[in-house]
Amino acid sequence: MPTVVLMDVSLSMTRPVSLDGSEEFQRKNLAVHGLTMLFEHMAANYRLEFTALVAFSSLWEHLVPFTRDYNALQEALSNLEDYDKTCVESALHGVSNIVQQEWGSSCPCQVVLVTDGSLGIGKGSLRHSLHTLKQRGDDKKFPLPFPFPAKMFIMCVANAEELQMTDAMDNLEELLRLSGGEGQIFTMEGPLCLKSVQAMFGRLIDQAYSPFHAVLHCGNLSSDVQVFPRPEPVVVDDEVEPMPRTVSTDLEIVGFIEIGDISSPPVISRHLVLPIAVNKEVDEVGTGTTDEPEEEASASQMAGKSPNFCVLLHGSLKVEGMVALVQLGPDWYGMLYSQADSKKKSNLMMSLFEPGPEPLPWLGKISHLGPISEAAENPYGEDDSKSPFPVQPQIKRSYAQNVTVWIKASGLQTDVQKILRNARKLPEKTQTFYKELNRLRKAALAFGFWELLKGVAELLERECTMLPDSAHPDAAFQLSHAAQQLKLASTGDSQYAAFDHNIAPMHTDFSS
């Protein structure tokens with residue numbers, strides 16, 4: 001997911017930090033050192049991440065648009081200038097505009113706010129912004145929560161004790177809560193020095209920017225892969241005691257299925273699956289770029305020549321038009337497939353299903369699927385003319401039954417007119433008349449539409465008075481009986497308004 005780095009360049013960031021036996025540093029210098037460490041880590045281990053840099057004081061400036069060029073980001077850091085007072089609210093408005101213009105409102109984003117914990121002074125300060133939250137009109141809303149999914153990490157170039165001496169920590173915690181609670185506040189432990197700021201940004205890297213390495217297994221074949229972006233823990237709401245479920249580092253392919261059978265299933269996230277070379281000296285998390293580019297190039301060339309199961313799997317899925325079902329954990333599955341970016345380029349992707357033994361109802365339980373060779377006959381037929389999917393459920397679904405739905409007024413009008421047409425053809429259409437009447441009665445009771453029952457009863461009484469002299473005597477009795485039963489049902493009396501009760505034709509001694 002993309003990252004926006006918000007760098008505080010207010011005057012409070014220029015406060016000196018006394019370091020024994022060394023040159024004098026400003027808090028801004030410590031912040032730049034920490035961000036440089038973050039950018040170097042991302043360049044080595046998180047190269048696909050798009051990152052933007054924004055500097056702010058009372059105003060904000062978009063220094064570097066979303067890019068994967070971390071040299072440009074580090075160069076912008078080295079050219080930062082100092083400005084006036086801190087105004088976090090305007091900077092957050094800027095972040096909202098930048099992300100929505102580039103990624104829209106559905107792409108999750110991470111916001112890294114680097115500050116010294118100073119809230120600003122007067123109007124525009126964070127303290128003033130939070131105190132006036134409930135006194136604002138629609139045209140001056142506070143930018144949090146963002147209109148897109150976001151995690152906010154607040155990096156304070158200050159000690160927790162320093163922040164707690166004032167109300168700075170309380171206001172920062174309130175800011176984090178308004179953002180949705182996803183994220184964390186990091187403070188420096190011990191004296192303000194280069195080592196402490198490295199440790200603080202190291203904790204951020206471990207939590208948000210550590211690459212997800214896994215081993216992809218298929219029988220006796222396996223491959224070391226990186227999954228990007230890192231899969232987030234998932235909480236199943238319908239469990240008695242919901243616990244976050246994380247993707248296992250051992251991904252086991254359990255079978256293959258045609259794209260047409262799996263169709264376009266609902267997924268909770270999509271990820272790139274990239275093969276990685278098994279090289280302990282290069283692939284350790286946290287190591288930066290190597291000092292010898294020639295050796296790195298030769299190592300990558302050697303890795304490109306060695307066989308890799310991940311590459312074989314990608315090519316096979318692309319050619320055969322199939323997907324691989326992969327087990328992510330206990331009762332949790334996903335699928336691996338080839339997705340084309342253009343006519344010449346495609347990537348191996350992994351989509352995560354909702355946790356559970358039956359994430360896709362038309363496939364049934366994943367554990368019940370098996371190889372075609374074990375079936376008594378080919379479920380696809382000899383010429384692939386049929387498919388075993390969708391699996392028919394043992395219990396008839398409620399939405400598979402013929403139920404009455406009135407989405408538009410024309411649908412209700414059609415049902416009432418059908419009853420009146422049958423009423424004019426009594427007694428020949430007695431059975432059809434009562435069938436349509438009971439269908440409308442059940443729907444009206446289900447919706448609590450008592451006025452409809454009363455209105456139809458009045459229509460039937462009107463039809464009864466307008467019967468011609470040549471009409472059969474039984475017609476008047478049936479219409480009066482039906483109208484009376486509908487009026488009783490419209491009162492809501494449990495004796496006459498029972499849902500399972502049907503209005504039966506009135507027994508008469510007339511013969512047709």
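How many nonpolar, polar and charged residues does the lining of the largest pocket have?

## Basis of the model

This is a predicted model, in which local features need pLDDT of at least 70 and side-chain atom pairs count only at pLDDT 80 or more, while totals for chains, interfaces and linings use all residues. Residues are numbered from 1 along each chain as its sequence is written, and side-chain values use heavy atoms, with hydrogens and water left out.

## The largest pocket

The lining of the largest pocket has 30 nonpolar, 10 polar and 10 charged residues, where Ala, Val, Leu, Ile, Met, Phe, Trp, Tyr, Cys and Pro count as nonpolar, Asp, Glu, Lys and Arg as charged, and the others, Gly among them, as polar. Of the 50 residues that line this pocket, Met 1, Phe 228, Pro 229, Arg 270 and His 271 lie nearest its centre.

## Aromatic pairs

The structure holds 9 aromatic pairs, counted when the ring centres of Phe, Tyr or Trp (its six-membered ring) lie within 6.5 Å, with planes under 30 degrees apart taken as stacked, over 60 as edge-to-face and the rest as tilted. The rings of Phe 146 and Phe 148 form a stacked pair, because their centres are 5.0 Å apart and their planes stand at 10°. Phe 433 and Tyr 434 are edge-to-face, because their ring centres are 5.1 Å apart and their planes stand at 80°.

Both Phe 146 and Phe 148 are buried (under 20% relative accessible area, with a 1.4 Å probe and protein chains only), and Phe 433 and Tyr 434 are both buried as well. Elsewhere, ring pairs link Tyr 46, Tyr 209 and Phe 228 into a cluster.

Terms used:
Buried < 20%, exposed > 50% of the residue type's maximum accessible area, 1.4 Å probe, protein only. 1 Å grid on protein atoms, 1.4 Å probe; cavity = no way out; pocket = protein on both sides within 12 Å on 5 of 7 lines; lining within 4 Å.
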